[in-house]
Amino acid sequence: MSTSAVVLHALNNLTVTRFVEDATSFEKCSKECFGALDADGKGGLSREKLRAGFGKLLPGIGYVSQPKDEINVLHDAIFERFDADQNGVIDCHEFKSLLMETMLAVARGIGGSPILVALEYGSLLRKAAEHEQARTANSRD
């Protein structure tokens with residue numbers, strides 16, 4: 001597993017879908033991502049915490065470059081959809097649902113034909129690509 005800032009990798013919808021469907025790997029990834037965003041360890045992501053880190057998980061989708069008003073509308077939609085207990089924070093379980101739905105939407109957008117993507121270290125797509133590489137290596141053994 002390379003820790004360089006960016007690597008090129010060919011992936012398709014199966015790369016992402018298989019990663020999400022691997023419950024153990026996806027759960028571990030979800031908890032790691034949640035922990036990184038929940039820097040103070042309070043167990044919940046406010047809109048501010050989500051705003052500060054979510055774009056790093058899926059760089060390249062224009063999240064960071066969007067006007068603040070559009071990001072606020074997106075966060076309102078995220079909290080309406082995923083803050084199941086309506087307490088104003090996204091907990092670890094709610095965050096996993098958010099990541100799962102987001103990753104499956106990305107998989108649908110990618111489609112079945114391989115595309116070459118520059119993947120940043122720590123991004124969810126890079127984690128999916130690394131999962132695929134490990135799965136492929138294990139199947140050869």
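A charge counts as sitting over a ring when NZ of Lys or CZ of Arg is within 6 Å of the ring centre and within 35 degrees of the ring normal. The model is predicted, so local features need pLDDT of at least 70 and side-chain atom pairs count only at pLDDT 80 or more, while totals for chains, interfaces and linings use all residues. Residues are numbered from 1 along each chain as its sequence is written, and side-chain values use heavy atoms, with hydrogens and water left out.

**View 1. R47 with F79 and D76.** R47 lies over the face of F79, 4.3 Å from the ring centre. R47 also forms a salt bridge with D76 (a side-chain nitrogen of Lys or Arg within 4 Å of a carboxyl oxygen of Asp or Glu), and here the closest N and O atoms are 3.3 Å apart. D76 is in helix 4 (residues 68–82) and R47 in helix 3 (residues 47–57), so this pair ties together parts 29 residues apart in sequence. Helices here are DSSP runs of H or I with at least four residues, strands are E runs of at least two, and both are numbered from the N terminus. Both partners are partly exposed, a class between buried (under 20% relative accessible area) and exposed (over 50%), using a 1.4 Å probe and protein chains only: D76 comes in at 42% and R47 at 28%.

**View 2. R81 with F82 and E101.** R81 lies over the face of F82, at 4.8 Å from the ring centre. The R81 side chain meets E101 in a salt bridge, 2.5 Å from N to O. With R81 in helix 4 and E101 in helix 5 (residues 92–110), the pair ties together parts 20 residues apart in sequence. E101 is partly exposed, at 35% relative accessibility.

View 3. E130 and R126 pair at 3.4 Å, N to O. They are 4 residues apart in helix 6 (residues 124–140), a separation of about one helical turn. Both E130 and R126 are buried. Elsewhere, salt bridges that share partners join E27, K31 and K96 into one network. The structure holds 9 salt bridges.

View 4. Leaving aside neighbours within four places in sequence, L124 is in contact (heavy atoms within 4.5 Å) with F19, C29, C33, L57, L58, L99 and M103.

**View 5. F19 against F26.** The whole structure has 2 aromatic pairs. Rings of Phe, Tyr and Trp (its six-membered ring) pair if their centres lie within 6.5 Å; planes under 30 degrees apart are stacked, over 60 edge-to-face and the rest tilted. F19 and F26 have centres 5.5 Å apart and planes at 75°, so they are edge-to-face. F19 is buried at 3% relative accessibility, and F26 is buried at 1%.

**View 6. Confidence along the chain.** Mean pLDDT (the predictor's confidence in each residue, from 0 to 100) is 89, and 92% of residues reach 70 or more.
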